[in-house]
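Here are my comments on the two-chain model you sent. Please read them with the coordinates open.

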Amino acid sequence: MSKYAFWPGCVAQGAAPELYTSTLAVAEKLGMDLVELEAAACTGAGIISDGEPYLQDVLNARTMAMAEQMDLPLMDICSTCVGVHRLAAEKLREVDYRIRINAHLAPEGIEYRGSVDPRHLLWILLEDVGIDKINSLITRPLEELNLGPFYGCYIVRPERTLDFDANPTRRNSLEQLIEILGATTVTYDGMTKCCGFPILTMNKQNSLTMAGTHLEEAQSLGADALVTPCPLCHLNLDAQQPDAAKVIDRNLNLPILHVPQLLGLAMGIEPEKLGLTRHVVDTNRLLNKIGA
Amino acid sequence: MAQQQFIIERYNPDTEESYEESFDVDVQPGQTVLDSLNAIKWEQDGTLSFRMSCRHAICGSCAMKVNGQSMLSCQTQVDSAAERGDPIRVGPQGNQNVVKDLVVDVTKFLDQFDRAETWLEPHEGQDPPEKEYRQKVEEFDHWSHASTCIHCGACYSDCTVAAVDENFLGPAALAKAYRFVMDSRDSKREERLQFLSEEQGGIWDCTRCYMCVQACPKDVLPMDAIMELRTMAIEAGFTNNHGTRHHKGFTSGVRKRGRLDEMMLPVQSVGIGRLLTGNISAHKEMMDYTPGAIRLLKSRKLLKIAQRHGANAAGREQIQRIFEEVETEKHHHNVDAEAFGAEFETAIGGH
């Protein structure tokens with residue numbers, strides 16, 4: 001059984017609880033043993049670092065030190081979490097800086113030695129679980145579906161922190177997953193752009209114009225749904241979709257799925273168990289299309 | 001010698017017609033996209049328009065979109081731009097009006113530098129030196145990476161905010177402003193920080209999407225410059241804005257519970273003080289959250305948010321200790337500047 005230090009992130013335990021439950025459901029089917037980091041702190045999501053970058057680095061060094069001490073690979077389920085973890089890991093390669101940061105971990109009896117390679121569930125599916133294993137568990141191929149990927153910035157940029165060259169599957173991980181599960185990828189300009197969520201409270205007009213533009217583009221190209229590895233994107237694309245439609249003055253009706261929800265559907269898990277009944281944009285039409 | 005297909009997005013201003021045109025070009029190993037455009041212009045279609053000058057990634061003239069990403073065409077080899085057999089798509093820069101084919105009107109991009117007054121404002125009462133204004137190497141070191149901008153516009157072209165908001169200063173002008181905020185020879189640090197945090201389209205409108213960092217051919221790290229400007233603006237006391245309130249609200253939630261507090265964050269972003277003093281626009285902003293909250297209620301998410309998940313008790317204790325320690329350490333060292341230093345070191349050194 002493959003074992004991981006599991007960081008769920010705040011949103012999966014708050015405004016997007018269906019991401020958390022669907023992750024656990026899928027992990028069980030795949031035989032993944034997830035050891036949740038219950039004592040760890042929020043990554044800061046780039047927001048703590050707006051004013052306190054040093055503090056954010058200490059918090060993330062601590063989380064990575066925990067995984068290191070357990071001698072387990074670190075798994076995130078949020079593009080933002082994995083991106084922020086990887087940026088922290090990059091900075092903490094600087095030995096002098098790491099020593100400085102470690103002074104704050106010493107009272108807890110831990111130390112970050114710089115060995116952690118934080119990864120997203122999406123990458124782990126392709127890199128550790130593998131196509132064969134996923135294929136063997138598919139009971140409900142998603143052949144009827146046209147799906148648009150929506151990555152979330154930090155899982156595709158900045159490339160220097162993401163090891164794309166050593167792990168080429170990371171470049172188009174969503175398209176690969178979509179196709180392994182039997183569905184067809186809808187490619188569109190907006191799929192690697194910003195959903196607008198980070199500025200929702202600062203500039204709602206700009207934020208929802210971004211979300212609306214990408215949703216409209218994918219919808220007009222025939223997507224039945226979008227799939228995203230980022231719960232923050234999910235909030236702007238799903239929960240804010242009715243407002244985004246008003247801002248761009250178009251009709252939008254595009255369900256947004258989390259990565260483990262999509263995988264769970266293909267593995268025959270009940271939609272209810274995957275939290276698909278807890279979305280703002282109704283998923284019924286989508287579920288009917290695949291007979292779920 | 002191999003053949004490579006180029007699909008070029010063209011625009012004819014006389015007929016106002018946009019169209020794609022395909023050209024096959026014989027390419028040598030090491031040949032650049034710009035070499036290929038020249039080959040097309042010289043041998044196949046003399047009407048193809050694009051900007052170029054130095055061919056050495058110094059002048060910044062030839063930035064354009066290659067397979068959807070902005071880059072210098074003189075610095076991009078054909079072999080690195082395409083898998084063998086795949087066509088290479090070349091288009092004009094984004095977020096600006098096309099003049100003809102691959103030539104865009106850069107006025108809007110350049111105007112942002114004027115708006116941010118990105119020139120040296122020497123200290124008053126100081127006679128201009130006989131030669132240049134000098135500073136120490138150590139003073140230059142921290143921002144030297146930001147001085148390498150060649151104004152090619154690749155960052156502005158790919159900026160996700162500029163795509164929806166003409167008023168955004170944009171990554172290049174903000175990175176240039178950062179360069180003067182950091183410059184010990186400049187006298188307007190405070191004024192600049194105030195302008196950049198209060199101006200519509202300033203530092204708080206950036207989404208942190210990293211497009212500019214990815215596009216920049218010179219490792220200016222524009223987004224990192226914007227982030228450091230935020231930190232310096234807060235430190236300098238320019239805190240009466242949504243961005244700072246969002247940062248402070250978010251951070252205080254993590255301090256208390258170890259996790260983001262989604263219940264409290266909207267109120268804190270709008271500003272408890274503003275709400276209590278009856279600020280009308282603050283109350284309007286609060287009302288703005290209502291439809292979203294009702295939707296979350298209907299989808300049964302609000303209950304989960306109301307549970308206000310946190311780190312476990314042992315974790316919270318450690319997290320609070322760390323917050324206190326860092327607060328104390330800040331009185332003695334500029335730890336945040338060190339954090340940015342580590343970032344530049346690894347980001348640029350790692351390339």
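**Notes on the model**

1. Start with α9(A), where the buried residues are A:Asn206, A:Ser207, A:Leu208, A:Met210, A:Ala211, A:Gly212, A:Thr213, A:His214, A:Leu215, A:Glu216, A:Ala218 and A:Gln219. Buried means that 20 or more other C-beta atoms lie within 10 Å of the residue's own; exposed means 12 or fewer, and partly exposed is in between, with C-beta atoms placed from the backbone. The helix is mostly covered, with 12 of its 17 residues buried. Its buried residues pack against β5 (146-149), β7 (225-228), α10 (231-239) and α11 (241-248) of chain A. Contact here means C-beta atoms, placed from the backbone, within 7 Å.

2. Conventions. This is a predicted model, in which local features need pLDDT of at least 70 and side-chain atom pairs count only at pLDDT 80 or more, while totals for chains, interfaces and linings use all residues. Residues are numbered from 1 along each chain as its sequence is written, and chains are lettered from A and ligands numbered from 1 in the order in which they are written. Helices (H or I, at least four residues) and strands (E, at least two) are DSSP runs, numbered from the N terminus.

3. α9 of chain A covers residues 204-220. From its first C-alpha to its last it reaches 23 Å, close to the 24 Å expected at 1.5 Å a residue. That expected span is 1.5 Å times one less than the number of residues. A:Gly222 follows α9(A) and has a positive phi, near 95 degrees.

4. Chain A overall. The chain has 13 helices and 8 strands. Its radius of gyration is 19 Å, close to the 19 Å that the globule rule gives for 292 residues, so chain A is as compact as a globular protein of that length. The radius is taken over C-alpha atoms, and the rule is 2.2 Å times the number of residues to the power 0.38. Along the principal axes, the C-alpha atoms fill a box of roughly 55 × 45 × 35 Å. Of the 292 residues, 62% count as buried. Among contacts between residues at least 6 apart in sequence, 81% join residues at least 24 apart.

5. The domains of chain A. Domain 1 spans 2-120 and domain 2 spans 138-289. These bounds come from an automatic or database domain assignment. The domain centres, taken over C-alpha atoms, are separated by 24 Å. Ala, Val, Leu, Ile, Met, Phe, Trp, Tyr, Cys and Pro count as nonpolar; Asp, Glu, Lys and Arg as charged; the others, Gly among them, as polar.

6. A sheet in chain A. Four strands form an open sheet in the order β2-β1-β3-β4, with parallel pairing. β2 (32-36) and β4 (119-120) of chain A stand at the edges with a single partner strand each, so one side of each has no neighbour in the sheet. Strands pair if DSSP finds at least two bridges between them. β1(A), residues 2-7, runs parallel to β2(A) and is joined to it by 5 bridges. A:Phe6 has A:Glu36 of β2(A) as its bridge partner.

7. The chain interface. In chain B, 64 residues are in contact with 55 residues of chain A. Elements giving two or more residues to the chain B side include α10 (242-257), α16 (313-332) and α17 (335-349) of chain B. α17(B) gives the most, with 10 residues. By class, this side has 27 nonpolar, 20 polar and 17 charged residues.

8. A hairpin in chain B. β3(B) and β4(B), residues 69-72, pair in the antiparallel sense over 4 bridges. B:Val66 stands opposite B:Gln69 in β4(B). The hairpin has 2 residues between the strands, and B:Asn67 takes a positive phi near 50 degrees.

9. Two sites in chain B. B:Asp45 lies in the loop between α1 (33-43) and β3 (63-66) of chain B. B:Asp45 is partly exposed, with 13 other C-beta atoms within 10 Å. B:Gly273 lies in helix α12 (residues 272-276) of chain B. B:Gly273 counts as exposed, with 11 C-beta neighbours inside 10 Å.

Terms used:
Two residues are in contact if their C-beta atoms, placed from the backbone, lie within 7 Å.
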